[in-house]
Amino acid sequence: MSDRITAIRARQVLDSRGHPTVEVDVHCGETMGRAIVPSGASTGKHESLELRDGNPDEYAGRGVRKAVANVLETIAPVIIGVSADDQEGIDRTMCELDGTPDKSRLGANAILGVSLACAHAAAAVKRIPLWRHLDRTGQARMPMPMVNLISGGLHAGRHLDMQDFLLLPIGANSYSEALHMTVRVYRALNEVLIGHGYEGVLVGDEGGFGPRLQSNEQAIEMILQAFHRVKLKPGIDVGIALDVASTHFFEGGLYRLGDQLHSSRSLAALLTDWVERYPILSIEDGMAEDDWNGWSMLTEALGKRIQLIGDDLFVTNPLRLAEGVQRGVANGVLVKVNQIGTLSETFAVIAQARQAGYRCVISARSGETEDSTIADLAVAVGMGQIKIGSIARSERLVKYNQLLRIEEQMGPGAPYAKFSV
Ligand code: PGA
Ligand code: ZN
């Protein structure tokens, strides 16, 4: 069967917030690969550009018809006839066609849709699972999920300043065991929240509970009570991760938490105090995207003790990561395919992080769809961690369930990345 691309179709579909996004089908004769592009809400300033139409009469300006037209009119004519397996060639061609550093001419959403759909098409032609097709280094293994339990920030009406309070099921010995542990904790947390008179059913954009708690610390306390309820030992069976997403409460050089204003130094001290008192093993975006000095302070305080991940800081961008490595800040990278805009560049950033001794967490966005590409990607690169959101809402479960299928394909004793700091 030939893997030459014979046709490309693209259309506007809706994501999990009901916002338009780009879907692309890449055909190789009778075979087709399809991908849908995700979309963030708490985006970093340095991300590649997501092209939106800006027409107020259609989807409040959020339409993606221009990006769809760019796929059909500009990209398709150039890559029809090319082998779908030539991922790097296709991605390079699209970057050249675009010609801007942030993919603002064609839109990262147009380019990424084609990039991912080509990978699906190439795997389908070879009749192998996507994760096997993407496993270039023979390092495929199941990742540990980092799972959203309580949501705040821009994903849950700002009931809490911090964005995600997450579970690290560190004691599990396989992916499916980690998932089972997660469900137990999530259910227990629901009971704990209701027991304290909080909303235990309303969930945020990523499926985490969105209660109106008194403080960020109270969210941690609720999670500890949930651990206790299901007899899981903090620091041994389970840990806590935070996505502080501090860029989104950084104003005029200060961090606003509730009615308190913190300097970078005092926020670093606050987070260090929490790490001492709670089983927090990973902190994402503890400082704002351009607060390099704050990042240095935080890394100095905690970089040898826990995982420190840059999301808005690095935006899956090789230049931002190079700067971070050179300054010695953070020790991990959140990897989101649409922040950079092609699969090849995503692989390159992961290789760069590996080289520098930084960890990687493959991550979904708050706006997701039934597309499960990142599940296969996380297995293929073997970096050991994935962040999808919570275990509610089907745009999340489609990835968790795909990982269950992959675990089955890998067979008994599927390699699994156990987390340690
Ligand atoms: P976003 O949030 O997709 O809204 O950017 C996810 C995250 O901050 O990790
Ligand atoms: Zn984040």
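## Second largest cavity

In this predicted model, the second largest cavity is lined by Ile 36, Pro 38, Leu 116, Val 337, Ser 363, Glu 368, Asp 371, Thr 373, Ile 374 and Lys 399. Here a cavity is a set of points, on a 1 Å grid over the protein atoms alone, where a 1.4 Å probe fits but cannot get out, and lining residues have an atom within 4 Å of a point. The space in this second largest cavity amounts to about 80 Å³; grid points are joined across faces, edges and corners, and a volume is the space filled by probe spheres set on the points.

Five nonpolar, two polar and three charged residues make up the lining of the second largest cavity. In this division Ala, Val, Leu, Ile, Met, Phe, Trp, Tyr, Cys and Pro count as nonpolar, Asp, Glu, Lys and Arg as charged, and the others, Gly among them, as polar. Domain 1 (7–127) and domain 2 (144–410) each supply at least three residues to the lining of the second largest cavity, the domain bounds coming from an automatic or database domain assignment.

By class, the lining of the largest cavity holds four nonpolar, seven polar and seven charged residues. Strand β14 (residues 385–389) is the element that gives the most to this lining, with three residues; helices (H or I, at least four residues) and strands (E, at least two) are DSSP runs, numbered from the N terminus.

The largest cavity lies between domain 1 (7–127) and domain 2 (144–410), because both give residues to its lining. These are the two domains into which the protein chain is divided, and their centres, taken over C-alpha atoms, are separated by 27 Å. To the contact between them, domain 1 gives 33 residues and domain 2 gives 30 residues, where contact means heavy atoms within 4.5 Å.

## Pockets

The largest pocket has a volume of about 320 Å³; a pocket is an open set of grid points with protein on both sides within 12 Å along at least five of seven lines. Of the 20 residues in its lining, Ser 39, Gly 40, Thr 43, Glu 47 and Glu 50 lie nearest the centre. Six nonpolar, eight polar and six charged residues form the lining of the largest pocket, to which helix α3 (residues 108–126) gives the most, with three residues.

The volume of the second largest pocket is about 240 Å³. Its lining has 15 residues, and Asp 161, Ser 215, Asn 216, Leu 257 and Gly 258 are the closest to its centre. The elements α6 (216–229), β9 (260–262) and α7 (264–277) each give two or more residues to this lining. By class, the residues lining the second largest pocket are five nonpolar, seven polar and three charged.

## Zinc site

The zinc ion (ligand 2) has Asp 243 (OD), Glu 284 (OE) and Asp 311 (OD) as its protein donors, at 2.1 to 2.2 Å. Donors are N, O and S atoms within 2.8 Å of the metal (3.2 Å for Na, K and Ca); water is not among the atoms, so sites may look incomplete. Along the chain, the donors of the zinc ion follow the spacing D-x40-E-x26-D.

Distant parts of the chain are linked by Asp 243 in strand β6 (residues 239–243) and Glu 284 in strand β10 (residues 280–284), which are 41 residues apart. Both Asp 243 and Glu 284 are buried, a term that means under 20% relative accessible area, with exposed over 50% and partly exposed in between (1.4 Å probe, protein chains only).

Helix α12 (residues 373–381) is mostly covered, with nine of its nine residues buried. Among them are Thr 373 and Ile 374, which also belong to the lining of the second largest cavity. Gly 382 follows α12 and has a positive phi, near 65°.

Helix α5 (residues 175–195) contains Ala 188, which is buried at a relative accessible area of 3%. Leaving aside residues up to four places away in sequence, Ala 188 touches Ala 226, Arg 229 and Val 230. Ala 188 and Ala 356 are 168 residues apart in sequence, and their C-alpha atoms are 39 Å apart in space.

## Conventions

Residues are numbered from 1 along each chain as its sequence is written, while chains are lettered from A and ligands numbered from 1 in the order in which they are written. Local features need pLDDT of at least 70, side-chain atom pairs count only at pLDDT 80 or more, and totals for chains, interfaces and linings use all residues, while side-chain values use heavy atoms, with hydrogens and water left out.
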